[in-house]
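I opened this notebook to record what I looked up, one entry at a time. The entries follow the order in which I took up each topic.

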Amino acid sequence: MNLVDEYINAEQRFGYWKDAALRVEGDAAWNFTVMFLELLERLLLSETDYDAFRPMPLVTLVSTVLCSPMRTAR
């Protein structure tokens with residue numbers, strides 16, 4: 001989240017802004033983590049053990065929302 005006056009429209013320096021945030025948990029969050037690690041591997045030209053970054057859920061999450069993160073191929 002952005003925390004400056006321009007983003008809460010206290011200042012009109014850049015015009016009107018709408019700032020929003022969301023929280024992603026579970027498998028969707030893991031997909032975002034994997035996408036980031038794949039990019040990092042390409043930049044550093046090295047392999048990473050993804051399991052070291054996999055979160056261990058403390059509770060079973062129940063959701064009615066479907067989220068399918070994806071990236072574009074380059």
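**Entry: glycine 26**

I began with glycine 26, which is partly exposed at a relative accessible area of 35%. I am working from a predicted model. Glycine 26 sits in the segment before α1. Cysteine 67 is 41 residues away from glycine 26 in the chain, and their C-alpha atoms are 10.0 Å apart.

**Entry: the whole protein**

Next I stepped back. How many helices and strands are there in the protein? I found 1 helix and 0 strands. The protein has 74 residues, and 12% of them are buried.

**Entry: helix α1**

I turned to α1, which covers 27–44. The helix has 18 residues. From first C-alpha to last, α1 reaches 25 Å, close to the 26 Å expected at 1.5 Å a residue. Which residues of α1 are buried? I listed Ala28, Trp30, Val34, Met35, Leu37 and Glu41. I kept a general rule beside that list: an α-helix has 3.6 residues a turn, so residues three or four places apart point the same way.

Valine 34 is in α1. Is valine 34 buried or exposed? Valine 34 counts as buried because its relative accessible area is 17%, and the cut-off for buried is under 20%. Alanine 29 is also placed in helix α1. At 22% relative accessibility, alanine 29 counts as partly exposed.

I then took arginine 54 as a reference for both. Valine 34 is 20 residues from arginine 54 in sequence, and their C-alpha atoms lie 9.0 Å apart. Alanine 29 is 25 residues from arginine 54 in sequence, with 9.6 Å from C-alpha to C-alpha.

**Entry: the salt bridge**

Arginine 54 came up again when I searched for salt bridges. The structure holds 1. Which side chains meet in the salt bridge? They are those of aspartate 51 and arginine 54, at 3.7 Å from N to O. I looked up how open each partner is. Aspartate 51 is exposed, at 55% relative accessibility. Arginine 54 is partly exposed, with a relative accessible area of 40%.

**Entry: glutamate 41**

I went back to the helix for a charged residue. Glutamate 41 is found in α1. Glutamate 41 is buried, yet has no salt bridge. Where is the nearest side chain of opposite charge? It belongs to arginine 42, 7.0 Å away. I checked that figure against the cut-off: a salt bridge needs a nitrogen within 4 Å of a carboxyl oxygen. I then listed what glutamate 41 touches, leaving out residues up to four places away in sequence. The list is Ser46, Glu47, Thr48 and Tyr50.

Leucine 39 has its place in helix α1. Its relative accessibility is 47%, so leucine 39 counts as partly exposed.

**Entry: leucine 45**

α1 is followed by leucine 45, which is found in the segment after α1. What is the phi of leucine 45? I noted a value near 55°, which is positive in a residue other than glycine. Leucine 45 has 76% relative accessibility and so counts as exposed.

Notes: Residues are numbered from 1 along each chain as its sequence is written. This is a predicted model: local features need pLDDT of at least 70, side-chain atom pairs count only at pLDDT 80 or more; totals for chains, interfaces and linings use all residues. Side-chain values use heavy atoms; hydrogens and water are left out. Helices (H or I, at least four residues) and strands (E, at least two) are DSSP runs, numbered from the N terminus. Buried means under 20% relative accessible area, exposed over 50%, partly exposed in between (1.4 Å probe, protein chains only). The expected span of a helix is 1.5 Å times one less than its number of residues. Lys and Arg count as positive and Asp and Glu as negative; His and the chain ends are not counted. Contact means heavy atoms within 4.5 Å.
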